[in-house]
Amino acid sequence: MTNPTVGDTAPDISLPRDGGDQVNLSDFSGKNVVVYFYPRDDTSGCTKEAIGFTENLETFDALNTVILGISKDSVKKHDKFAAKHDLKVALLSDEDGDVCERYGVWVEKQMYGKTYMGIERATFLIGADGRIAQVWRKVKVPGHVEAVLEAVRSL
């Protein structure tokens, strides 16, 4: 599956995270999981998004929901990014891009007239049953964390 949609079983995730542990989607069976893909550590939008999820982590926890951020940055870069901004969300490293491909977020992008491949900022809400409950593509950071929180509340 390369473009999962609402109702599909979420593609598996098994990636190293900041701090060095391995994270598997199956570790969170019975919980809701927010998987957000972002282009790069320590860029302005990605930083705002990660801080937004971190600031709301207790609320997500109370709603039986785990937050996983994924980019192609290395675990070492994730460690620096998390330390610099005091981030509490799990940052997973998909250096070979396998998970990005399975979620359909490795896409052709354009900037300043140049075409290149990159990660589309996208978020997937996976219900406790392992199925995709909601998808946000081409995410704009302002208001996004609140929209995800609202969706989790309505599950």
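Five bridges join strand E3 to strand E8, and the two run antiparallel. Two strands count as paired if DSSP finds at least two bridges between them. Strands (E, at least two residues) and helices (H or I, at least four) are DSSP runs, numbered from the N terminus. The model is a predicted one: local features need pLDDT of at least 70, side-chain atom pairs count only at pLDDT 80 or more, and totals for chains, interfaces and linings use all residues. Residues are numbered from 1 along each chain as its sequence is written, and side-chain values use heavy atoms, with hydrogens and water left out.

Stay with E8. E8 and E9 form a hairpin with five residues between them. In its turn, glycine 130 has a positive phi of about 85 degrees.

Why is E8 largely enclosed by the rest of the structure? Five of its five residues are buried, so the rest of the structure largely encloses E8. Buried means under 20% relative accessible area, exposed means over 50%, and partly exposed lies in between (1.4 Å probe, protein chains only). Both faces of the strand are covered. Ala122, Phe124 and Ile126 are buried on one side, Thr123 and Leu125 on the other.

Next, the aromatic rings. A search of the whole structure finds seven aromatic pairs. Rings of Phe, Tyr and Trp (its six-membered ring) pair if their centres lie within 6.5 Å; planes under 30 degrees apart count as stacked, over 60 as edge-to-face and the rest as tilted. Phenylalanine 37 and tyrosine 103 form a tilted pair, 5.3 Å centre to centre with 45 degrees between the planes. This pair links distant parts of the chain, 66 residues apart. Phenylalanine 37 belongs to strand E3 (residues 32-37), while tyrosine 103 is in the loop between helix H4 (98-102) and E6. Phenylalanine 37 and tyrosine 103 are both buried.

Tyrosine 103 has a further partner in phenylalanine 124, in an edge-to-face pair: 4.9 Å centre to centre, 70 degrees between the planes. This pair too links distant parts of the chain, from the loop between H4 and E6 to strand E8 (residues 122-126), 21 residues apart. Tyrosine 103 counts as buried because its relative accessibility is 0%. Phenylalanine 124 counts as buried because its relative accessibility is 0%. Elsewhere, ring pairs link Tyr36, Tyr38, Phe53, Phe60 and Phe81 into a cluster.

One ring meets a charge. The charged end of lysine 72 sits over the ring of tryptophan 106, 3.8 Å from the ring centre. The test for this asks that NZ of Lys or CZ of Arg be within 6 Å of the ring centre and within 35 degrees of the ring normal.

Now to another hairpin. Strand E6 (residues 106-111) and strand E7 (residues 114-119) pair in the antiparallel sense over six bridges. Valine 107 stands opposite glycine 118 of E7. Two residues lie between the strands of this hairpin, in which tyrosine 112 takes a positive phi near 50 degrees.

Valine 75 lies in helix H3 (residues 75-85). Its C-alpha atom is separated by 5.7 Å from that of serine 93, 18 residues apart along the chain. Contact means heavy atoms within 4.5 Å. Leaving aside neighbours within four places in sequence, valine 75 is in contact with Pro16, Arg17, Asp18, Gly19, Gly20 and Ser93. Threonine 54 is placed in helix H1 (residues 44-55). Is threonine 54 buried or exposed? Threonine 54 is buried, because its relative accessible area is 15%. Beyond neighbours within four places in sequence, threonine 54 is in contact with Asp86, Leu87, Lys88 and Val89.

Finally, the whole chain. There are five helices and nine strands. Read along the sequence, they follow the pattern β-β-β-α-α-β-α-β-α-β-β-β-β-α. The radius of gyration is 14 Å, close to the 15 Å that the globule rule gives for 155 residues, so the chain is as compact as a globular protein of that length. That radius is taken over C-alpha atoms, and the rule is 2.2 Å times the number of residues to the power 0.38. Buried residues make up 46% of the 155 residues. Of the contacts with a separation of 6 or more, 64% come from residues 24 or more positions apart.
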